[in-house]
Amino acid sequence: MNWFKNFFDKVFQPESELINETTESIEEKENTINSKILDEESLLEIEEKLLRLDCGIEFSESVTSQLAKYKRQINLTTAQEKLTEICLNSLQQSQAQATFDFSGNKKGLQIILIVGVNGVGKTTSIGKLAHYFAQKNLKVLIAPCDTFRAAAPEQLQKWATRAKAEFYDGDGKKADAILYEAIKKSEKENIDILLVDTAGRLQNKKTLMDELTKLHSVIQKHSAVDTSIDTLLVLDATTGQNGYLQAIAFNEATKLSGLILSKFDGTARGGIIFSIAHNLKLPIAFLGIGEKIDQLLEFDLKYFFEKINLNL
Ligand SMILES: Nc1nc2c(ncn2[C@@H]2O[C@H](COP(=O)(O)OP(=O)(O)OP(=O)(O)O)[C@@H](O)[C@H]2O)c(=O)[nH]1
Ligand SMILES: [Mg+2]
């Protein structure tokens, strides 16, 4: 019996329903209790499991040291519950720091800069976001500020057409000039959401980060007072610990608002998020769960935990 699901149903259940827990479900749970005691060996296994999920050394050690307090006092079923609680708390804390609001109820132009290394899914995420906002009856404009890859604007324009969003044709201009023009166009045409694609690769890391800093200053200099800016880092859920290093580098260069975890449909590893939440306190805004236009979900803790599989 999947007690993990039961545990989650309880965590996300209204309290009134908890009181009515039936004797049947209590018996069911008791039948599945794994009587093995939490010992040194099982603590090591838990740490290995977290490392395999890409949770990173610091987070994995922090979890096992919190669990070590219960050594020889609890069985593995209870340890599983505590493990899940610790992981859940960690993500809840970083999600609580979120300052972004993608409800579509904000006043003024909302500019969303999409950043991330080469191939993580920036352009695809922009297409999906354009669709997401268009579904909320918002006017969306896409700006192709990845001027490094020749085919990038064309790929983005196709997404804009699919999402029924507007597209600013950069026509060979530099990224900062394209952004400037796109901001002006947004103001003139009462655009609600301006989505900005950026390069994932330039000559080297410094030029890439310098370019992002430049784009930020264009927004700061040339946008109206009620314009809001969010920078979302796209991370590929299957990349592992390298994703953590990407988050550090981009956060230093651009002050990230949060993350889009793409390709979460693949192996559904994504444990990298715990590492980032634990160390950088960056919230997740969306999950990419496929290549199609509607395969983007607002981040949902329950969904994430069901997929990540922390089962011992
Ligand atoms: N399965 C799956 N594939 C995805 C997802 N998001 C993007 N992809 C795929 O990842 C590949 C790269 O996506 P792009 O959107 O071009 O990535 P990018 O970051 O814009 O790449 P560059 O412009 O080269 O830096 C494509 O084949 C996409 O279809 C996702 O959520 N799930
Ligand atoms: Mg791209």
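## Helices α6 and α12

The angle is about 60°, and the axes lie 9 Å apart. Helix α6 covers residues 76-95, and helix α12 covers residues 272-280. The axes are lines fitted to C-alpha atoms over the stretch in contact, with angles from 0 to 180 degrees between N-to-C directions. Helices here are DSSP runs (H or I, at least four residues), numbered from the N terminus.

The crossing of α6 and α12 is left-handed, meaning that the near helix is turned anticlockwise from the far one by less than a right angle; clockwise would be right-handed. From α6, Cys-87, Ser-90, Leu-91 and Ser-94 take part in the contact (heavy atoms within 4.5 Å). Their partners in α12 are Ile-273, Phe-274, Ala-277 and His-278. The contact of α6 with α12 has five nonpolar residues, three polar and no charged. Ala, Val, Leu, Ile, Met, Phe, Trp, Tyr, Cys and Pro count as nonpolar, Asp, Glu, Lys and Arg as charged, and the others, Gly among them, as polar.

## About the model

The model is predicted: local features need pLDDT of at least 70, side-chain atom pairs need 80 or more, and totals for chains, interfaces and linings use all residues. Residues are numbered from 1 along each chain as its sequence is written, chains are lettered from A and ligands numbered from 1 in the order written, and side-chain values use heavy atoms, without hydrogens and water.

## Helices α5 and α6

Helix α6 also packs against helix α5 (residues 57-68). The angle is about 135°, with the axes 10 Å apart. That makes α5 oblique to α6. This crossing is right-handed. Helix α5 contributes Phe-59, Val-63, Gln-66 and Leu-67. Helix α6 contributes Ala-79, Lys-82, Leu-83, Ile-86, Cys-87 and Ser-90. The contact of α5 with α6 divides into seven nonpolar residues, two polar and one charged.

## Helices α9 and α10

Helix α9 (residues 175-188) and helix α10 (residues 205-222) cross at roughly 30°, and their axes come within 9 Å. Therefore α9 is roughly parallel to α10. The crossing is right-handed. Among the contact residues are Leu-179 and Ile-183 of α9, with Leu-215 and Val-218 of α10. The contact of α9 with α10 holds seven nonpolar residues, one polar and five charged.

## Ligand 1

Around ligand 1 there are 18 residues (a heavy atom within 4 Å). Lys-122, Thr-123, Thr-124, Asp-265 and Glu-291 come nearest.

Oxygen atoms of ligand 1 also make polar contacts (N or O atoms within 3.5 Å). A polar backbone atom of Gly-121 is 2.9 Å from one ligand oxygen. For an N or O atom in the side chain of Lys-122, the distance to a ligand oxygen is 2.8 Å. For Thr-124, again a side-chain N or O atom, the distance is 2.5 Å.

Technical notes. Helix = DSSP H or I, 4+ residues; strand = E, 2+ residues; numbered from the N terminus. Parallel < 35°, antiparallel > 145°, perpendicular 65-115°, else oblique. Polar contact = N/O pair within 3.5 Å; in protein donor to acceptor, adjacent residues only side chain to side chain.
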